[in-house]
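Subject: Structure for you to look at

Hello,

Here is the structure I promised to pass on. Please open it alongside this email; my notes follow below.

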Amino acid sequence: MLSSLRIRSRLHPDDLERLKGKVLGDDSYDVLLTGPTRVYMPDGRPLCVYLPGGMTGHVSEEQYAVLHSLRSDKTNNRGPASGSQYVRVGEQKRSYAMHVSSNILGAFDPGGTFRFCRLTAWTGKHLPEWELLRPMLGRVADQMKLHVPDRYAAQMEEIDKTHPDWVVPGTPFTTITVNNTYPTGVHTDKGDLDKGFSTIFCLRRGTYSGGRFVFPEFRVAVDLQDNDLILMDAHQYHGNTALTCACGVRCTSYCDACGAERISVVSYMRSAMTTCGSEPEEIKRAVAHREKFKGVIR
Ligand SMILES: O=C(O)CCC(=O)C(=O)O
């Protein structure tokens with residue numbers, strides 16, 4: 001049975017502005033969700049639906065092993081979500097993005113030097129593992145359909161316009177982000193469907209404290225346990241509190257010493273995927289792009 005909560009107040013925009021990119025503390029929330037809850041924003045729109053144990057029995061040891069294997073792939077392209085701070089160098093404000101374990105699986109739309117739609121590098125190299133992961137994403141989709149049917153329908157409307165080469169079959173998702181044991185700085189997600197909804201489920205191993213998922217604007221948090229699922233509006237600012245593992249140290253990656261691990265799996269739709277052709281068409285586009293810039297890009 002889901003409880004219902006409507007938030008009455010929000011943080012002043014100036015205070016929210018100061019939090020962007022920051023790793024939060026426990027002073028950033030007043031309400032900690034502990035049971036199945038549906039939370040509404042002051043204007044009545046849904047903020048999140050928290051489903052404790054929502055993935056229990058739907059993530060196998062083989063699927064966990066694939067997600068765990070991603071921990072050593074680090075990236076510095078998460079911007080403020082990496083918890084990096086802006087620093088002033090002379091007149092300039094620069095951000096030094098930290099390397100964090102965050103991998104993108106599935107499909108991605110054109111951007112930067114990639115002028116074509118594609119499966120991400122990991123996905124292309126690990127197709128059997130990618131296929132192994134798909135059934136658990138089906139469970140996330142079923143929960144989304146059950147608990148936020150209007151957002152699910154809106155997302156499926158766009159999925160129906162997307163070439164099936166880029167869709168996780170039977171789901172409203174094109175793309176998955178897998179994070180391993182770092183606190184995201186306060187951020188909003190970019191490029192995912194406005195009218196849709198995002199989803200995060202958590203897998204935990206070993207012992208750690210912190211890593212609580214917070215909506216600082218609404219001062220609401222949840223301490224996602226193993227197999228917990230949250231359906232959420234990722235266009236609202238969110239981030240995590242710092243993590244401390246059983247060794248007693250702050251951890252920003254999987255702890256080899258004590259095995260503390262917090263994996264978060266974020267499933268969503270990239271809105272621009274509706275503009276993509278089929279995979280063979282996009283490969284042609286990639287080859288044409290490479291030909292055009294021969295000698296300029298490699
Ligand atoms: O790990 C989490 O709880 C949050 C993940 C997240 O916000 C993101 O990957 O954008």
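A polar contact here is a pair of N or O atoms within 3.5 Å; within protein, one must be able to donate a hydrogen and the other to accept it, and residues adjacent in sequence count only if both atoms are side-chain atoms. This is a predicted model, where local features need pLDDT of at least 70, side-chain atom pairs count only at pLDDT 80 or more, and totals for chains, interfaces and linings use all residues. Residues are numbered from 1 along each chain as its sequence is written, and side-chain values use heavy atoms, with hydrogens and water left out.

Ligand site

A polar side-chain atom of His238 sits 3.1 Å from a ligand oxygen atom. His187 has a side-chain N or O atom 2.9 Å from an oxygen atom of the ligand. For Asn240, that side-chain distance to a ligand oxygen atom is 3.0 Å. Residues surrounding the ligand (a heavy atom within 4 Å of it) include Arg78, Asp189, Phe213 and Arg262.

Helix 2 and helix 4

Helices (H or I, at least four residues) are DSSP runs, numbered from the N terminus. Helix 2 covers residues 61-69 and helix 4 covers residues 127-147; their axes come within 9 Å and cross at roughly 120 degrees. That makes helix 2 oblique to helix 4. Axes are lines fitted to C-alpha atoms over the stretch in contact, and angles run from 0 to 180 degrees between N-to-C directions. Oblique is what remains once angles under 35 degrees (roughly parallel), over 145 (roughly antiparallel) and 65 to 115 (roughly perpendicular) are set aside. In contact (heavy atoms within 4.5 Å), Glu62, Gln63, Val66 and Leu67 of helix 2 meet Glu129, Leu132, Leu133, Pro135 and Met136 of helix 4.

Helix 4 and helix 5

Helix 5 spans residues 149-159 and packs against helix 4 at about 120 degrees, with the axes 5 Å apart. Helix 4 and helix 5 are therefore oblique to each other. Ala141, Met144, Lys145, Leu146 and His147 of helix 4 touch Pro149, Arg151, Tyr152 and Gln155 of helix 5.

Best wishes

Definitions and conventions: Helix = DSSP H or I, 4+ residues; strand = E, 2+ residues; numbered from the N terminus.
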